[in-house]
Amino acid sequence: MDNLNSFIGKNVMDMDKFLKQSQSRSIKVKHMSDTSDLKPKNFDTWKEFWEDAKKGEMTFPNIEEKCACCNKPTDPKDFVGAHIKDSNGNMYIYPICNSCNSKYGKGKAESPEFSVSKEKCVDFKCSDAVIKKE
Ligand SMILES: [Zn+2]
């Protein structure tokens with residue numbers, strides 16, 4: 001019986017540790033508003049900006065994946081590089097479905113808070129962007 005208790009106790013602890021680890025790999029973010037006029041300084045799209053930063057490390061979605069925001073299975077061609085920020089104001093580019101990316105912004109719906117994988121975040125600074133001239 002003692003063995004069984006310690007066995008169960010050990011596994012509960014491992015599960016706790018596992019949950020803590022998986023939580024630390026994801027961060028809570030929101031969509032940034034007012035970014036639709038920004039274009040990357042050195043690239044055509046934010047997807048290319050993301051791909052360049054992650055070169056040799058990971059790829060932009062190339063099979064159907066769930067969008068981190070709406071959780072819907074999304075075709076690779078519908079993913080775009082979206083501007084997101086965490087609660088500390090750090091800004092990132094992240095693969096998000098086009099529908100979510102265009103849904104929230106100035107004068108549009110308030111962005112929900114959602115979780116993203118820290119590893120898939122690419123740092124974004126204002127100096128990486130220029131204002132698009134229409
Ligand atoms: Zn989405």
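This report walks through a sheet, a helix packed on it, and a nonpolar core in a predicted model.

## Before we start

Residues are counted from 1 along each chain, following the sequence as written. Because the model is predicted, local features need pLDDT of at least 70 and side-chain atom pairs count only at pLDDT 80 or more, while totals for chains, interfaces and linings use all residues.

## The sheet

Let's begin with the strands. Helices (H or I, at least four residues) and strands (E, at least two) are DSSP runs, numbered from the N terminus. Two strands pair if DSSP finds at least two bridges between them. Five strands make an open sheet in the order 7-1-5-6-8, with antiparallel pairing. Strand 7 and strand 8 (122-123) sit at the edges, each pairing on one side only.

Now for the pairs. Strand 1 (residues 26-31) is joined to strand 7 (residues 114-117) by four bridges, and here Lys28 stands opposite Ser115. Strand 1 also runs antiparallel to strand 5 (residues 79-86), with three bridges between them; His31 has Ile84 as its bridge partner in strand 5. Over at strand 8, two bridges link it to strand 6 in the antiparallel sense, and Ile93 stands opposite Val122.

## A helix on top

Which strands does helix 2 touch as it packs on the sheet? They are strand 5, strand 6 and strand 8. A contact here means C-beta atoms, placed from the backbone, within 7 Å. The direction of helix 2 makes about 75° with that of strand 5; axes are lines fitted to C-alpha atoms (for helices, over the stretch in contact), and angles run from 0 to 180 degrees between N-to-C directions.

## The nonpolar core

A nonpolar core is a set of buried Ala, Val, Leu, Ile, Met, Phe, Trp, Tyr and Cys residues joined through C-beta atoms within 7 Å. The largest one has 20 residues, and Ile93, Tyr94 and Ile96 touch the most other members. Helix 2 (46-53), strand 5 and strand 6 (91-97) each supply at least two residues, with strand 6 giving the largest share, five residues.

## An exposed spot

Thr45 lies in the loop between strand 2 (38-40) and helix 2. Buried or exposed? Thr45 counts as exposed because it has 12 C-beta neighbours inside 10 Å. The cut-offs are 20 or more other C-beta atoms within 10 Å for buried, 12 or fewer for exposed, and partly exposed in between, with C-beta atoms placed from the backbone. The C-alpha atoms of Thr45 and Val80 are 8.5 Å apart, though 35 residues separate the two along the chain.

Methods:
Contact = placed C-beta atoms within 7 Å.
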